[in-house]
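Try each task before you read its solution.

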Amino acid sequence: AAGKQILTLMREDWRDEWAAFDFGDFLRPQRPDGITLRNTIGGLSDDDLGAVLICIDGARSVRSLRLTGCSLLTGRGIGLLRESTVLERVDISLVKTRDHRPDACGLELDQVLPVLDSIISNKENKLRHIQLPKKWRSEKDASLGEFIGRYNHALDLMTKECCQCEEEAQPILHEDGDRYGVQSA
């Protein structure tokens, strides 16, 4: 409650400030001259993510979530987004610019998929784009394949418009082949 009060004092509607949320921004502190400093701590935890999501009422305020460079996360911290009806985009690929190491992912399917399932099972959900970790896409776990099928079914029931430009589109998360787990449109 105290966190909400602080954010409320900074903006008339504090939820707008957190609509597009890249948790990786906390890993990139900047000097006063604007130069980005390298994080020497090694990353933020699920407890850190959970605490921030509590303070900003994440399930009702975050429309776009990115976890850029957060390799220490297991996924437990995103549980507070369960049943969100405002979340439109999720990038849990964890990829930093020019860093494509699949071992940089600590996210666990059994922590993340139940949260994503709770979101897509609500008919009022707005989730239109998911970017999955390369590690998951490479491993092709059966539970991920089943989730992809449920997600694509949920997409079929939604309005067909691009989540970036609002043009008509037919989004799909590929269920096989070289593009397994990669979303188009």
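Predicted model: local features only at pLDDT ≥ 70, side-chain atom pairs only at ≥ 80, totals over all residues.

**Exercise 1.** State the order of the elements, then count the helices and strands.

*Solution.* The elements run α-α-β-α-α-β-β-α-β-α-α-β-β. Now count: the protein has 7 helices and 6 strands.

**Exercise 2.** Is Asn-152 buried or exposed? Which residues does Asn-152 touch, leaving aside those up to four places away in sequence?

*Solution.* First, locate the residue: Asn-152 lies in helix 7, which covers residues 142-157. Next, take its relative accessible area, which is 6%. Buried means under 20%, so Asn-152 is buried. Then look for its partners. Beyond residues up to four places away, Asn-152 touches Ile-172, Leu-173 and Glu-175.

**Exercise 3.** How are helix 5 and helix 7 arranged, and which residues make their contact?

*Solution.* Begin with the geometry. Helix 5 (residues 109-120) packs against helix 7 at about 15 degrees, and the axes are 11 Å apart. Angles under 35 degrees count as roughly parallel, so helix 5 is roughly parallel to helix 7. Their crossing is left-handed.

Now list the contact. Helix 5 supplies Leu-109, Leu-113, Leu-116, Asp-117 and Ile-120. Helix 7 supplies Ser-143, Leu-144, Phe-147, Arg-150, Tyr-151 and Ala-154. Finally, sort by class: 8 residues are nonpolar, 1 is polar and 2 are charged.

**Exercise 4.** What percentage of the residues in the protein is buried?

*Solution.* Take all 185 residues of the protein: 42% of them are buried.

Notes: Residues numbered from 1 in each chain as written. Heavy atoms only, no water. Helix = DSSP H or I, 4+ residues; strand = E, 2+ residues; numbered from the N terminus. Buried < 20%, exposed > 50% of the residue type's maximum accessible area, 1.4 Å probe, protein only. Contact = heavy atoms within 4.5 Å. Axes fitted to C-alpha atoms, helices over the stretch in contact; angles between N-to-C directions. Parallel < 35°, antiparallel > 145°, perpendicular 65-115°, else oblique. Left-handed = near helix turned anticlockwise from the far one by under 90°. Nonpolar A, V, L, I, M, F, W, Y, C, P; charged D, E, K, R; others polar.
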